[in-house]
Amino acid sequence: MNITHGGPDALGVPRWDFSTNANACGPCPMALVAVQQADVRHYPDPTYTVLRESLAAFHAVDAARIVLAGSASEFIHRFTVWVAREGGQRVWLPVLAYGDYAHAAQTWRLEPMHDPARAHLAWICEPSSPTGEIEPFARRVVASGAQVVLDRAYEPLRLNGACSLDPVALQRIWQLWTPNKAMGLTGVRGAYAIAPERAVAEARALDQMAPSWPLGAHAVAMLDAWVSPAAQDWLTRSLETLREWKHEQLGLLNDLGWRVLPSEANYVCGKPRNPVDAMGLRAAGIKLRDTTSFGLPGHWRLGVLPPEAQAALRTALHRTEVCR
């Protein structure tokens, strides 16, 4: 059986899914009710006027700068297409990164560059995936002159530290947001990007490249709930809980002899003392995320889960090591 990450597989939904970075305190009650009560009898407004205005007000930007997307992955591919259509031929990628950046670039034959100054498109992710750290080349990338996209999927789940880019720099680049992880509703696909200050025409071009109704009623409900004061208050409280759980989880991994990498987010990467029996763990109802596809072989990414899950992980790892 192939062990995929993040959710159900041939064995169903794992009891303890460390392979996803979703907020383990979720789902956010307000967002869940909004999704459950979404009016699915009708298409959403095709222009998403009210949603755009809500998102724009939340970020204190003009609504014309909001670009809606079916998901982060959908935006990554659409943005890559747009750059290629505009004549872009070269891309800069972080050393360790989400695979869809490279997949989209390969599909449209963008050549990877080691120097961001030679790229037409550049991707940054903070906190990064898989490590949860800042991007050490972020400022250099922003100054490169490329079309820069900052993937902020995990910014709402940052447990310490801060973005390495200042507010002025952020206004010069694209910002991609996917709140379903923070809301603990990864099954609801929906995302949006904020265009740079002087890129309203470019935002319009990206809108025109989208399929009809990129967001369904459930995604609209989730994104609308995401910007509500009640949901943001819940998120703030959940971060306090996640900090406590993370402290305990780090202690567990250290006790087990793992070499854990630094992280500012609600997940960590680590290299175990002994090889992990992923199949044995899955049979015990536990799933981890192999980070080989991110460019980090020999390591595993673990989302922060509650103490009960951590106890199950300790027991399962001990058993699989004994049985090996």
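1. The buried residues of helix H4 are covered by several elements, among them helix H3 (72-85), strand S3 (90-92), strand S5 (121-125) and strand S6 (147-151), where contact means heavy atoms within 4.5 Å. Helices (H or I, at least four residues) and strands (E, at least two) are DSSP runs, numbered from the N terminus. Please keep in mind that this is a predicted model, in which local features need pLDDT of at least 70 and side-chain atom pairs count only at pLDDT 80 or more, while totals for chains, interfaces and linings use all residues. Residues are numbered from 1 along each chain as its sequence is written, and side-chain values use heavy atoms, with hydrogens and water left out.

2. In H4, which spans residues 99-107, the buried residues are Asp100, Tyr101, Ala104 and Ala105; buried means under 20% relative accessible area, exposed over 50%, and partly exposed in between (1.4 Å probe, protein chains only). Seen down the axis of H4, these buried residues fall within an arc of 135°, so they line one face of the helix, the arc being that of the directions from the helix axis to the C-beta atoms. Just after H4, Arg109 takes a positive phi of about 60°.

3. Strand S5, one of the elements covering H4, has five of its five residues buried. Leu121, Trp123 and Cys125 lie on one side and Ala122 and Ile124 on the other, and both faces are covered.

4. S5 pairs with S3 in the parallel sense over two bridges, and two strands pair if DSSP finds at least two bridges between them. Five bridges join S5 to S6, and these two strands also run parallel. Ala122 of S5 is the bridge partner of Trp92, and Ala122 also stands opposite Val148 in S6.
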